[in-house]
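Please keep the sequence and the 3D view open while reading.

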Amino acid sequence: MADRVHTNARHTTNIGETLSLNPVFVRPGESTELPKFTIPDGMSLPETAYQIVHDEAMLDGNARLNLATFVSTWMDDEARKLYAETYDKNMIDKDEYPQTAAIEDRCWRIIADLWHVPDVENAIGTSTIGSSEAAMLGGLALKRHWQARRKAEGKSIETPNLVLSTAVQVCWEKFLNYFEVEPRWVPVNEEHFVFDGHELEKYVDENTIGVVAILGVTYNGLYEPVKEISEKLDEIQEKTGLDVKIHVDGASGAMIAPFCQPDLEWDFRVPRVVSINTSGHKYGLVYPGLGWIIWRDTEALPESMIFHCSYLGGDMPTLALNFSRPGAQVLLQYYNFLRLGREGYRQVQQGSLDVAQYLSARIGGMGPFDLVSKGDTIPVFAWKLKKGYTNKWTLFDLSDRLRMKGWLVPAYPMADDLADMILQRIVVRAGLSHDLANALLRDIESEIAFLDNLEAPMPREGTGSHFHH
């Protein structure tokens, strides 16, 4: 950082607005100071630019110790080689990269088969930048179908609503905002810790475009029971005639359940499920960003959402929100399908589940904590501080102490009616070994001992979660 104010003809640069370069890293004639927020006047050598960016990126956390993110942080050497060879491919340019387009088609069909689509040849799917884009496409399809049906009946299309849990990921709040759909929030509480269809009839009406069920709630890793929700909608249809469909947000669980809980009926085996999204870059085991969405059949995806345009020499149908986007991650997904196969995915995912349940059993056995999930759905679990255990520290304090040792283990409040409940959560991904898990347990135990031995409570002002799901 600059320790002085530097003036040139265009503006005054204040402290903190420049990059001061170590003379060891620059070449004769190069500047030793560069602006942070304006483009430099001159060029730098590639080695100098690399060193600047490399050194700044070093300040990020260690990805292997990040137990907050669901996103893949490790792939094997061959995958990294393939990534380096294909990062210049544009997924949208199907005329220039027809084989990448063909592989995308194979991938969504493989996923559709995993999710028990009745007829893969009559299904439709696409890759996306992530599961958030995929979720928005699923919600938009529900809205378009509802609008078409209402128009055919000569009824208003002014007030669509979507029924979903208050524990949904923030992408659904974006969908509701961007696409002007009223939320019908189903609150979570101590008795109904996940959305399970309880009192669903209070939320569904003729303006309901659909219901969202989450396979792997980000707060705690639990599955919302898709089949039970569907059965409740069956009851509602019998009484009211309302035929309400389900979109499953399987951002995490849709790439765990097919391999590790194959008998669980949550997917297209449930007739009301018309679309499912997932993250290829979560438990699809691919680097970010990659998502997938599959519709049960072509009827479930309105034709109005498919665009046919001439682009770079060919007719190109597209149904994603984004246009130009990377093709490398799609190739990495296919690589994983070939590399691992069904049994390999089962072993990798079960390994993560085993570590998650090992950690949850040990943490649940520690004096201060009560588990709220065990890591036996997706390899994610959460715990809370026992009531009355201490007034000296909170889970936010424990999170801060662990961060000092490199571990990112977030603490945060639950949603809505449970906003007073503070949880701490661990996401286990491929790469978190039993050895690393034991190192984490030792650090948790030592930090608990430190906090318990405080003579006075930790300062409260300014504490709280900076974590977002």
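The model shown here is predicted. Trp 115 and Trp 266 are both buried. Their rings form one of the 10 aromatic pairs in the structure.

**Aromatic rings**

- The ring centres of Trp 115 and Trp 266 lie 6.1 Å apart and the planes meet at 75°, which is over 60 degrees, so this pair counts as edge-to-face.
- The two residues come from distant parts of the chain, 151 residues apart.
- Trp 115 belongs to the loop between helix 3 (98–114) and strand 5 (124–128), while Trp 266 belongs to the loop between helix 7 (257–260) and strand 10 (273–279).
- Phe 175 and Phe 179 have ring centres 5.3 Å apart and planes at 35°, so their pair is tilted.
- Phe 175 has a relative accessible area of 0%, so this residue is buried.
- Trp 172 joins Phe 175 and Phe 179 in a cluster linked by ring pairs.

**Charges over rings**

- Lys 282 places its charged end over the ring of Phe 70, at 5.4 Å from the ring centre.
- Arg 401 places its charged end over the ring of Phe 450, at 3.8 Å from the ring centre.

**Enclosed space**

- A search of the whole structure gives one cavity of 30 Å³ or more.
- The volume of the largest cavity is about 60 Å³.
- Five nonpolar, three polar and two charged residues make up the lining of the largest cavity.
- Among the lining residues are Arg 64, Asn 66, Trp 74, Val 427, Arg 429 and Gly 431.

Note on methods:
Residues are numbered from 1 along each chain as its sequence is written. This is a predicted model: local features need pLDDT of at least 70, side-chain atom pairs count only at pLDDT 80 or more; totals for chains, interfaces and linings use all residues. Side-chain values use heavy atoms; hydrogens and water are left out. Rings of Phe, Tyr and Trp (its six-membered ring) pair if their centres lie within 6.5 Å; planes under 30 degrees apart count as stacked, over 60 as edge-to-face and the rest as tilted. Helices (H or I, at least four residues) and strands (E, at least two) are DSSP runs, numbered from the N terminus. Buried means under 20% relative accessible area, exposed over 50%, partly exposed in between (1.4 Å probe, protein chains only). A charge sits over a ring if NZ of Lys or CZ of Arg is within 6 Å of the ring centre and within 35 degrees of the ring normal. On a 1 Å grid over the protein atoms alone, a cavity is a set of points where a 1.4 Å probe fits but cannot get out, and a pocket is an open set with protein on both sides within 12 Å along at least five of seven lines; lining residues have an atom within 4 Å of a point. Grid points are joined across faces, edges and corners, and a volume is the space filled by probe spheres set on the points. Ala, Val, Leu, Ile, Met, Phe, Trp, Tyr, Cys and Pro count as nonpolar, Asp, Glu, Lys and Arg as charged, and the others, Gly among them, as polar.
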